[in-house]
Amino acid sequence: MNLWRRGFTNAGMTIDAPAVSEIAHTIQLAVAPVFLLAGIGGFINVIAGRLNRVVDRSRLIETLHPASSGDEHARHVWELRLLDRRIALASNAIFLCVASALAVCVVVTLLFVSELANLKYATSVSLLFVLAMILLAAGLVLFLIETRVAVHGIRIREDLLERDRRGRFRFLTR
């Protein structure tokens, strides 16, 4: 079966154009990575939202920090250190996910270029897709670590929990 429909002549050279069925097949191959791009974009949006909240909280604590002293000052320093770590983790996760999205964009581009120019980029496309998945996985791992750090920072002080000597909450024992 001849996949090349017709030839175009340009300055004495014949350039074969791919058949419509081959272009349609290439579009089908590119659809999955495009859906992956949409998912990565949504994930980046989630991380960016978390990063915004962390930055807002750090700005608030930074204003309270100079006027604090004693235990309150120590809590502010501890929370600022925690927030600084979360900012680093979230921004690195965003970087890795954006790098993954860029790699997916190059995969889609190579799919079309290799089809239109009749080039054999199968190995390059495969390796680039694997790289995109590794970058995405690394971004997900950093996001997982950031959420664990966030949960660690949400510990409620024991004196605020109002427990009796046995560890039960006082309002439940009345």
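Let's start with Val 106, which sits in helix 2 of this predicted model. Is Val 106 buried, exposed or partly exposed? With a relative accessibility of 40%, Val 106 falls in the partly exposed class, because that class lies between the 20% and 50% cut-offs. If you're following on the screen, look for Val 125 as well. Val 106 and Val 125 are 19 residues apart in sequence, and their C-alpha atoms are 8.3 Å apart in space.

Now let's step back to the whole chain. There are 174 residues in the protein chain, and buried ones make up 29% of them. The chain has 3 helices and 2 strands. In what order do they come along the sequence? The pattern reads β-β-α-α-α. Here is a number on contacts: take those between residues at least 6 apart in sequence, and 64% of them join residues at least 24 apart.

Next, how the helices meet. Two packed helices are described by the angle between their axes and the distance between the axes. We can go through the pairs in turn.

Helix 1 and helix 2 go first. Their axes come within 8 Å and cross at roughly 165°. Angles over 145 degrees count as roughly antiparallel, so helix 1 and helix 2 are roughly antiparallel to each other. The crossing of helix 1 past helix 2 is left-handed. What kinds of residues make up this contact? There are 33 nonpolar, 4 polar and 7 charged residues in the contact of helix 1 with helix 2.

On to helix 2 and helix 3. Here the axes come within 8 Å, and the crossing angle is roughly 160°. That makes this pair, helix 2 and helix 3, roughly antiparallel. Helix 2 and helix 3 also cross in a left-handed way. Their contact has 26 nonpolar, 6 polar and 3 charged residues.

That leaves helix 1 and helix 3. The axes of helix 1 and helix 3 come within 12 Å and cross at roughly 30°. Because angles under 35 degrees count as roughly parallel, helix 1 is roughly parallel to helix 3. Helix 1 passes helix 3 with a left-handed crossing. On the helix 1 side, the residues in contact include Leu 36, Ile 40, Phe 43 and Arg 50. On the helix 3 side, they include Phe 129, Leu 136, Phe 143 and Glu 146. By class, the contact of helix 1 with helix 3 divides into 12 nonpolar, 2 polar and 2 charged residues.

Let's go inside now. In soluble globular proteins, nonpolar side chains tend to be buried together. In our model, the largest nonpolar core has 28 residues. Which of them touch the most other members? Those are Ile 40, Ile 47 and Cys 97. Helix 1, at 20-64, helix 2, at 70-116, and helix 3, at 122-153, each supply at least two residues of this core. Helix 2 gives the most to the core, with 14 residues.

Leaving out residues up to four places away in sequence, Ile 40 touches Cys 97, Ser 100, Ala 101, Val 104 and Leu 136.

One residue I'd like you to see is Glu 146, in helix 3. Is Glu 146 buried or exposed? Glu 146 has a relative accessible area of 2%, and because buried means under 20%, Glu 146 is buried. Who are its contacts? Not counting residues up to four places away in sequence, Glu 146 touches Arg 50, Val 54, Arg 86, Leu 89 and Ala 90.

Two last stops. His 25 is in helix 1, and with a relative accessible area of 39%, His 25 is partly exposed. The C-alpha atoms of His 25 and Glu 115 are separated by 9.7 Å, although the two residues are 90 apart along the chain.

Then there is Pro 66, in the loop between helix 1 and helix 2. At 64% relative accessibility, Pro 66 is exposed. Pro 66 and His 76 are 10 residues apart along the chain, with 9.6 Å between their C-alpha atoms.

How values were computed: Residues numbered from 1 in each chain as written. Predicted model: local features only at pLDDT ≥ 70, side-chain atom pairs only at ≥ 80, totals over all residues. Heavy atoms only, no water. Core = buried A, V, L, I, M, F, W, Y, C linked by side-chain atoms within 4.5 Å. Buried < 20%, exposed > 50% of the residue type's maximum accessible area, 1.4 Å probe, protein only. Helix = DSSP H or I, 4+ residues; strand = E, 2+ residues; numbered from the N terminus. Contact = heavy atoms within 4.5 Å. Axes fitted to C-alpha atoms, helices over the stretch in contact; angles between N-to-C directions. Parallel < 35°, antiparallel > 145°, perpendicular 65-115°, else oblique. Left-handed = near helix turned anticlockwise from the far one by under 90°. Nonpolar A, V, L, I, M, F, W, Y, C, P; charged D, E, K, R; others polar.
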